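Here is a short briefing for a first look at this protein. Keep the sequence and the 3D view open as you read.

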Amino acid sequence: KLSDELMEEFCKLIQGLLESWNFIDISCENAVCFNKKDNDVIVNSKTKSSYGKGARAIINSSFIIAILLYCKQNGLPHPGFVVLDSPLTTYKEKDKHNNEKNEEVSKSVKDSFFINLAKCSTDFQIIIFDNETPPEDLCGITYHHFTGNPDIDRTGFIPN
């Protein structure tokens, strides 16, 4: 069992990330809270499951990064890196097939996501696999474009 104080502190980390990514409005004081019954976060008074895949991926990413931040701030063990798979890409065709809600992630959220993570990840590493491209003028990151074309360098992450 986790204390209410710990969960409140953890939710504030999630909220800070979501605010810096322009996903939620900074005017809401308690925009993120923890639902003990469902063992999940509530964002802007909505359960995570009531959001579409794109929004859920952003919320899940904030949760994973908040764990890293919480551990770092409280001197708890953590490997010092996280790997995010497609946090900004929604799978439209699959969503249609499963009749699942598809909420596009706005360009503002995508750009803010990359910019914030580039600024805050000086003491740890965040590895992102995604089809979305970070802003061209973004400094302080290492970006590799995988072409999928064997005739061009960087075909994919794992070489043939």
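Helices (H or I, at least four residues) and strands (E, at least two) are DSSP runs, numbered from the N terminus. Read that way, the elements of the protein follow the order α-β-β-β-α-β-α-α-β. That gives 4 helices and 5 strands. This is a predicted model, where local features need pLDDT of at least 70, side-chain atom pairs count only at pLDDT 80 or more, and totals for chains, interfaces and linings use all residues. Residues are numbered from 1 along each chain as its sequence is written, and side-chain values use heavy atoms, with hydrogens and water left out.

**Confidence**

- The mean pLDDT (the predictor's confidence in each residue, from 0 to 100) is 84 for the protein.
- 89% of the residues reach 70 or more.
- Confidence is highest in α1, at a mean of 94, and lowest in helix α3 (residues 92–97), at 48.
- Over residues 93–97, pLDDT stays under 50.

**The sheet**

- Two strands pair if DSSP finds at least two bridges between them.
- 3 strands make an open sheet in the order β1-β2-β3, with antiparallel pairing.
- β1 and β3 (46–47) are the edge strands with a single partner each, so one side of each has no neighbour in the sheet.
- α1 packs on the sheet and touches β1 and β2 (contact means heavy atoms within 4.5 Å).
- Strand β1 (residues 32–35) is joined to β2 by 4 bridges.
- Across this pair, C33 stands opposite I42, and N35 stands opposite D40.

**The core**

- Buried means under 20% relative accessible area, exposed over 50%, and partly exposed in between (1.4 Å probe, protein chains only). Of the 160 residues, 36% count as buried.
- A nonpolar core is a set of buried Ala, Val, Leu, Ile, Met, Phe, Trp, Tyr and Cys residues joined through side-chain atoms within 4.5 Å.
- The largest such core has 34 residues; among those with the most contacts inside it are L18, W21, I58 and F113.
- Elements giving two or more residues to this core include α1 (4–20), α2 (53–73) and α4 (107–120).
- α2 gives the most, with 8 residues.
- Leaving aside residues up to four places away in sequence, F113 touches W21, I58, S61, L84, P87, L88 and I128.

How values were computed. Axes are lines fitted to C-alpha atoms, for helices over the stretch in contact, and angles run from 0 to 180 degrees between N-to-C directions.
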